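The sequence and structure come first.

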Amino acid sequence: MPETNDKPEFSRGLEGVIAAETKIGYVDGQAGRLVYRGYEISELAGKSNYEEVSYLLVNGHLPNEKEYRDYDRKLKELRTLKPDTYSLIKEIGKSAHPMSTLRTVVSYIGAKDSRTVEPNLDEQHDLGIELIAKMPTIVGAINRVYRGEEIVKPDHDLTYSDFFFHQAMGRKPSDVESKMLDTALILHADHGMNASTFACMLTISTLSDMYSAVTSAISALKGPLHGGANERALALIEKVGSPENADKVIGKMIENKEKIMGFGHRVYKVYDPRAKILKEYAHEVTSMNGKEELFHTANKIEEVMISKLGNKGIFPNVDFYSGMLYSSIGFSREVFTPIFAVGRISGWVARSLEYVRENRLFRPKALYSGTKELLKYVPINERD
Ligand SMILES: CC(C)(COP(=O)(O)OP(=O)(O)OC[C@H]1O[C@@H](n2cnc3c(N)ncnc32)[C@H](O)[C@@H]1OP(=O)(O)O)[C@@H](O)C(=O)NCCC(=O)NCCS
């Protein structure tokens, strides 16, 4: 018999449905606020570094000095990749989008780890920390190979985001680049039950292992309606080319009912607080490297969008300015979404661990709208 729904409530895309309880963080879409474990995102971005925020998300409180030292040491110890992982990254080379490479590499490392067979909660935790530690090394190496450059020897003295920058770019960041990248990673670390986090939690709810869960999350993040939007947002800003063109190009796209990447959000109906912070950095970095025109074009696109669609709650989201920022510090655009994954890994791990501790298998229903009458089966050779 076809599956029917007992209750007639139906929310396409699960919009507004509460399916889990969390103490990790919340998004206030009306007030434009993002809070991790009780701390406002702007305060964490200004005062903490990524390691502290990662610890906060996973463990529930900001670390004291000893806890910080231990966590930092652990992340540094687990950063290294084995030679066969580097070989895989080189083998894939430029033949795949870096998000596909990232998904494959995470899945590969998981396949080689015997703890992924039937992990208990402690093992799930350890696998999660290992993934947090390895993500910058993996994405850094993917960036190098994608650009046809040599893989960089890990420098274990560097902080999480400086290490990532060094692995990806082959040089240490300036103070401004360092702060910018660290801030971007913090801003991306967690964001409610977005599609990739949900995919991660859904997979772990089957009692699958953390590597499989994060592989699901990366797959979900890859899509243009989620992590892939910043690549397209930057392409659009470049296509518009100058502030004078914004009205015409964007107006036409809106008329054609095209989605403007980097705008709109399922939860925020006001300005995304992360976009506000990234916009300031984008302004700073484009002024420094002579690409101010790009920033002014983006700013004009924002003005046009808000004047035309602000009344529908459409404002810039985190992806509108992040691509410009990453490109200004030298990242290829194909690596923008993997950078998102380097930040979001702590949220994926924290929420999956929190969920699996009080596990309940995710299993929603679909509203059946097909025929309710049973049809007579016709053999293939008698069908029209
Ligand atoms: C993120 C997104 C999927 C949210 O979609 P959503 O919750 O279904 O959006 P809403 O229902 O609030 O949209 C309301 C209206 O604004 C329009 N709209 C939403 N986002 C828009 C965008 N980026 N460009 C143009 N129009 C947009 C919708 O088409 C809808 O129009 P309608 O009233 O004529 O039907 C959507 O805004 C989008 O596709 N944005 C671009 C991709 C992006 O930047 N993703 C990154 C998210 S962090």
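Gln167 sits in helix α7, which spans residues 160–169. The model is predicted: local features need pLDDT of at least 70, side-chain atom pairs count only at pLDDT 80 or more, and totals for chains, interfaces and linings use all residues. Residues are numbered from 1 along each chain as its sequence is written, and side-chain values use heavy atoms, with hydrogens and water left out. Helices (H or I, at least four residues) and strands (E, at least two) are DSSP runs, numbered from the N terminus.

Is Gln167 buried or exposed? Gln167 has a relative accessibility of 1% and therefore counts as buried; the term buried covers values under 20% relative accessible area, exposed those over 50%, and partly exposed those in between (1.4 Å probe, protein chains only). A polar atom of the Gln167 side chain lies 3.3 Å from the backbone oxygen of Val152. Not counting residues up to four places away in sequence, Gln167 touches Tyr86, Pro136, Thr137, Gly140, Ala141, Arg144, Val152, Lys153, Pro154 and Asp155, where contact means heavy atoms within 4.5 Å.

Ala168 also belongs to helix α7. With 0% relative accessibility, Ala168 is classed as buried. Leaving aside neighbours within four places in sequence, Ala168 is in contact with Gly140, Asn143, Arg144 and Phe331. Phe315 is 147 residues from Ala168 along the chain, and their C-alpha atoms are separated by 31 Å.

## Two helix pairs

The table gives the axis geometry of two pairs. Axes are lines fitted to C-alpha atoms, for helices over the stretch in contact, and angles run from 0 to 180 degrees between N-to-C directions.

| Helix pair | Axis separation | Angle |
|---|---|---|
| α5 (residues 98–111) and α16 (residues 336–357) | within 8 Å | roughly 40 degrees |
| α2 (residues 50–59) and α3 (residues 65–78) | 10 Å | about 100 degrees |

Angles under 35 degrees count as roughly parallel, over 145 as roughly antiparallel, 65 to 115 as roughly perpendicular and the rest as oblique. In this contact, Pro98, Met99 and Leu102 of α5 meet Thr337, Pro338 and Ala341 of α16. By class, the residues of the contact of α5 with α16 are five nonpolar, one polar and no charged. Ala, Val, Leu, Ile, Met, Phe, Trp, Tyr, Cys and Pro count as nonpolar, Asp, Glu, Lys and Arg as charged, and the others, Gly among them, as polar.

Helices α2 and α3 are roughly perpendicular to each other. On the α2 side, Glu51, Glu52, Ser54, Tyr55 and Val58 meet Glu67, Tyr68, Tyr71, Asp72 and Leu75 of α3. The contact of α2 with α3 divides into five nonpolar, one polar and four charged residues.

Three strands form an open sheet in the order β1-β2-β3, with antiparallel pairing. β1 (25–28) and β3 (39–40) are at the edges with a single partner strand each, so one side of each has no neighbour in the sheet. Two strands pair if DSSP finds at least two bridges between them. Four bridges join β1 to the antiparallel strand β2 (residues 33–36), and Gly25 stands opposite Tyr36 in β2.

Arg37 lies in the loop between β2 and β3. Phi of Arg37 is near 45 degrees, a positive value in a residue other than glycine. Leu14, located in the segment before β1, has a positive phi near 60 degrees and is likewise a residue other than glycine. The relative accessible area of Leu14 is 36%, which means that Leu14 is partly exposed.

Technical notes
A polar contact is a pair of N or O atoms within 3.5 Å; within protein, one must be able to donate a hydrogen and the other to accept it, and residues adjacent in sequence count only if both atoms are side-chain atoms.
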